[in-house]
Amino acid sequence: MTGNNKKQAFLRLTNGGNAKQPAYILSESFETLIGREPSCQIVLDSKVYGGVSRRHAAIRPIANKQLNWEICDLNSANGTYINNQRLQGSRILQTGDKIGLGINGPAFIFEITTKPSSQITNPGQNDLTLTQLFPIISTGRDLRKKAYLIPASITVAFVVFLFAAIGRPLLFNLLIAAYIAGLAYFFVYQLCGKRKPWWWLLTACFLCILILISPLLPLFVTIFREILPGKLPLPGENLTFPALLIRMFFGAGLMEELLKALPVFFAYLLGRFAPASWRENLGVWEPLDGILLGTASAVGFTLLETLGQYVPEIIHNVTLQGGKEIAQLLGLQLLIARILGSVAGHIAYSGYLGYFIGLSALKPKKGWIILTVGYLSAAGLHALWNAAGTVNVLMLAFVGVVSYAFLAAAILKARALSPTRAQNFATRLS
């Protein structure tokens, strides 16, 4: 820089006809990252530019005698090209250089302007376009992909249904339970970052409900709570914590986790024998598949257990003592707490076991060892939660946090192990 003149560098994203697009200003102090990862300064849509790496390239300012910018490839999968030549390491950019991310990927033109400081402006800042006045014209596609249009629309629909259900407690409770459970599942789905057909996830949810209302449940109760030492404590029965923990391990942990895992095993078998075009969508081929299907099954279990058992019980008991209105209020309070808590409860245990089912599919030679460790671990967490409630609230909260931490750790490891990791869309939370 000399005198009051100042350099300003920027990239222009070009299309095939060299028509100019909005410019990206390059920093004079910090590096500019280009890639699909949300933390990059220039973020490219993974749906449009699938060949671009998460962190593809970096442009860094170099201030010696004069200010320049250099570009470095960040070990990208498809390479960075400068004027159609593959970049090796780093190089100083010259105005007019064409930067390509991959052979057929997006291309940028590097430009530098030198103007008096008072005249430096963002390119195009004085232009006023129709899409600036009416943003929905240009961002319609991104509304669905980036702005959560579908979840927001579903929320609006549920609000309308809730207004219509006022005065009908059973319908209102069903709607609020379905919405909260769906919201909890959406959170897990976003963390997993692998696409699975929504109708197949709903199938896993309803399949678990069908299993619970089928003759299988009494059979499981007989095995785990009468033959095995899993008899649930009777009202007023005093048990030591270790004794209660053992009973809960067999009568709740082992029994309920196996019940919730049945839809995942069903999907595993179906995926093996389904037509080739359906196998990837239906089957369990990796840990992320197991987590997604296991947590979907847990949503069904939580809904049926809460709406079919716990809420009716508290409404019946309180109605006899304090009246119907108070009973309905307490029932709604219990419903919200149980459904929200399922992220650190049934969803956490089933998702954790689902990780091991998927891992056994990925490493079949060690399948039985993997499944045994996962089954016992999930059952142990489940039993610990049930038993901790008899100690104190702080203990219960601690076990809940630990259970969620186990699920979150399994999701992160599953993403790292995923054979389709490059297509993962998981949201980064920081």
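Reader: Is Leu371 buried or exposed, and why?

Author: This is a predicted model, where local features need pLDDT of at least 70, side-chain atom pairs count only at pLDDT 80 or more, and totals for chains, interfaces and linings use all residues. Residues are numbered from 1 along each chain as its sequence is written, and side-chain values use heavy atoms, with hydrogens and water left out. Now the term: buried means under 20% relative accessible area, exposed means over 50%, and partly exposed is in between, with a 1.4 Å probe and protein chains only. Leu371 counts as buried because its relative accessibility is 17%.

Reader: Where does Leu371 sit, and what does Leu371 touch?

Author: Helices are DSSP runs of H or I with at least four residues, strands are runs of E with at least two, and both are numbered from the N terminus. Leu371 is in helix H12, residues 367–388. A contact means heavy atoms within 4.5 Å. Not counting residues up to four places away in sequence, Leu371 touches Phe265, Phe356, Ile357 and Ser360. Take Ser360: Leu371 is eleven residues from it in sequence, and the C-alpha atoms are 6.7 Å apart.

Reader: How many helices and strands does the protein have?

Author: It has 13 helices and eleven strands. Of its 430 residues, 40% count as buried. Now look at contacts with a separation of 6 or more: residues 24 or more positions apart account for 60% of them.

Reader: How do I read a helix, and which residues of H10 are buried?

Author: Start with length. The expected span is 1.5 Å times one less than the number of residues. H10 (residues 324–341) has 18 residues, so it should span 26 Å, and its end C-alpha atoms are 26 Å apart, which agrees. Next, the sides. An α-helix has 3.6 residues a turn, so residues three or four places apart point the same way. In H10, the buried residues are Ala327, Gln328, Gly331, Leu335 and Ile339. Seen down the axis, they fall within an arc of 95°, so they line one face of the helix. That arc is taken from the directions from the helix axis to the C-beta atoms. The face of H10 turned away from the buried side carries the exposed residues Glu325 and Leu340.

Reader: Which residues are buried in H5?

Author: Trp200, Leu201, Ala204, Cys205, Cys208, Ile209, Ile211 and Leu212 are buried there. H5 (residues 198–212) has 15 residues and reaches 22 Å from its first C-alpha to its last, close to the 21 Å expected.

Reader: What is the strand order in the open sheet of five strands?

Author: Two strands pair if DSSP finds at least two bridges between them. The order is S4-S3-S5-S6-S9, with mixed pairing. Strands S4 (42–43) and S9 (90–92) stand at the edges with a single partner strand each, so one side of each has no neighbour in the sheet.

Reader: How many bridges join S3 to S5?

Author: Three bridges join S3 (residues 32–35) to S5 (residues 57–63), and the two run antiparallel. Thr32 stands opposite Ile59 in S5, and Leu33 stands opposite Ala58. S5 also has seven bridges to S6 (residues 67–73), again antiparallel. There, Arg60 stands opposite Glu70. A hairpin of three residues joins S5 to S6.

Reader: Which residues have the most contacts inside the largest nonpolar core?

Author: In soluble globular proteins, nonpolar side chains tend to be buried together. A nonpolar core is a set of buried Ala, Val, Leu, Ile, Met, Phe, Trp, Tyr and Cys residues joined through side-chain atoms within 4.5 Å. The largest one has 57 residues, and Ile291 and Leu293 have the most contacts inside it. Apart from it lies another core of 20 residues, among them Leu11, Leu13, Leu44 and Leu93.

Reader: Where is Gly283, and is Gly283 buried or exposed?

Author: Gly283 is in the loop between helix H8 (276–282) and helix H9 (287–322). Gly283 is buried, because its relative accessible area is 0%. Leaving aside neighbours within four places in sequence, Gly283 is in contact with Lys196, Ala267, Gly271, Asp289 and Leu293.
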